[in-house]
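Welcome! Please take a look at the sequence and the 3D view below, and then let us walk through them together.

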Amino acid sequence: MSIERATPAGTHADEVYTHGHHASVLRSHRWRTAENSCAYLLPALVPGQQVLDVGCGPGTITVDLAARVLPGQVVGVDRSEAVIELARHEAARAGAANVRFDTADAYELPFESASFDVVHAHQLLQHLQDPVAALRELRRVTRPGGVVAVRDADYAGMTWYPSSAGLDEWQALYHEVTQANGAQADAGRRLLSWVLEAGFDPDSVVPGAGVWCYATPEDRDWWSGLWAERSVSSDFAAQAVEHGLADEVALEQLAEAWREWGRDETGWFAVLHGEVLARV
């Protein structure tokens, strides 16, 4: 299994994307919509805006944003050419003529300053070694009066029922892998501090939180199946082995813990996110 590495210039050349783009990861990303993943931003959207979606992945959120700002234009960027191709197919499938997708580095966006009314990043900053530098770049390409919207999960804030020693071990290993990668698994609680450190006016910042919850039989089966597969087959699994943090036997035990949780009719899992809407 190959580990997907970032290739930005300068001090960020050794960055690694913890999740990678294994099929199990992409199934999770394609589930995301504007409604379930950036509801906090939607009241700020109006027709005619120019929008940038940074770290857009397979583009489902981006295409939703494009529908909401017609006749405005939306650009989605990601560092992976392969996932950008998937996003282009998503836009074609949806008939979204006002959106385009390109590869780009979040630290050095290929746009003039003050180019966009809205700059959005969902689940991006948690994977970066220098999230404050990225936020400064998001701010640079946002027009005065525009907004930067960021949302990231907080892994230590995730909680579930019933208790599971295996999921406890999964959570601990995830933190160890991201720490080895120089990233921050508990980004959600840090978004406000990062935004302020990046130079945004505190009076222009609206912090908040959001949650995904998986508790119906269908949602529980989907979520547990994703993470059972990701625990043994995704870049996260490869990195755990590469860093000497787990072996294949331990990873399979984590996968079985996920499957066991998913089979429990009382199973409940909540994913906490930090959210910040910052006006420039």
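A residue is called buried when its relative accessible area is under 20%, exposed when that area is over 50%, and partly exposed in between (1.4 Å probe, protein chains only). Helices (H or I, at least four residues) and strands (E, at least two) are DSSP runs, numbered from the N terminus. This is a predicted model, in which local features need pLDDT of at least 70 and side-chain atom pairs count only at pLDDT 80 or more, while totals for chains, interfaces and linings use all residues. Residues are numbered from 1 along each chain as its sequence is written, and side-chain values use heavy atoms, with hydrogens and water left out.

- Strand β5 is largely enclosed by the rest of the structure, because 9 of its 12 residues are buried.
- Two strands count as paired if DSSP finds at least two bridges between them.
- β5 pairs with β4 in the parallel sense over 6 bridges, and A149 in β5 is the bridge partner of H120.
- β5 is also joined to β8 by 7 bridges, and these two strands run antiparallel; here R151 stands opposite E275 of β8.
- A crossover is right-handed if, with the strands pointing away from the viewer, the path from the first strand over the helix to the second runs clockwise.
- β4, α5 and β5 form one such right-handed β-α-β unit.

**A look at H120**

- Contact in general means heavy atoms within 4.5 Å. Leaving aside neighbours within four places in sequence, H120 is in contact with several residues, among them C38, Y40, L52, I61 and A149.

- β1 and β2 pair in the parallel sense over 4 bridges, and V77 in β2 is the bridge partner of V54.
- β1, α3 and β2 make a right-handed β-α-β unit.
- β2 and β3 run parallel and are joined by 5 bridges, with G76 opposite F101 in β3.
- From β2 the chain crosses through helix α4 (residues 81-94) to β3, in a β-α-β crossover that is right-handed.

**Nonpolar cores**

- A nonpolar core is a set of buried Ala, Val, Leu, Ile, Met, Phe, Trp, Tyr and Cys residues joined through side-chain atoms within 4.5 Å.
- The largest one has 31 residues, and those with the most contacts inside it are L52, V54, L109, L125, L138 and V150.
- Elements that give two or more residues to this core include β1, β2, β4 and β5, while α5 gives the most, with 4 residues.
- A second, separate core has 28 residues, including W170, W212, F236 and L254.

**Helix α8**

- Helix α8 (residues 217-233) has 17 residues and reaches 24 Å from its first C-alpha to its last, close to the 24 Å expected at 1.5 Å a residue. The expected span is 1.5 Å times one less than the number of residues.
- Its buried residues include W223, L226, W227 and A228, and what covers the buried residues includes α1, α6, β7 and α10.

- Most residues other than glycine have a negative phi, and most peptide bonds are trans.
- The peptide bond from L70 to P71 is cis, with omega near 5 degrees, and P71 is found in the loop between α3 and β2.
- Another cis peptide bond joins Y161 and P162, with omega about -5 degrees.
- Q123 is not a glycine, yet its phi is positive, about 60 degrees; Q123 counts as buried at 9% relative accessibility.
- A114 also has a positive phi of about 60 degrees without being a glycine, and A114 counts as partly exposed at 33% relative accessibility.
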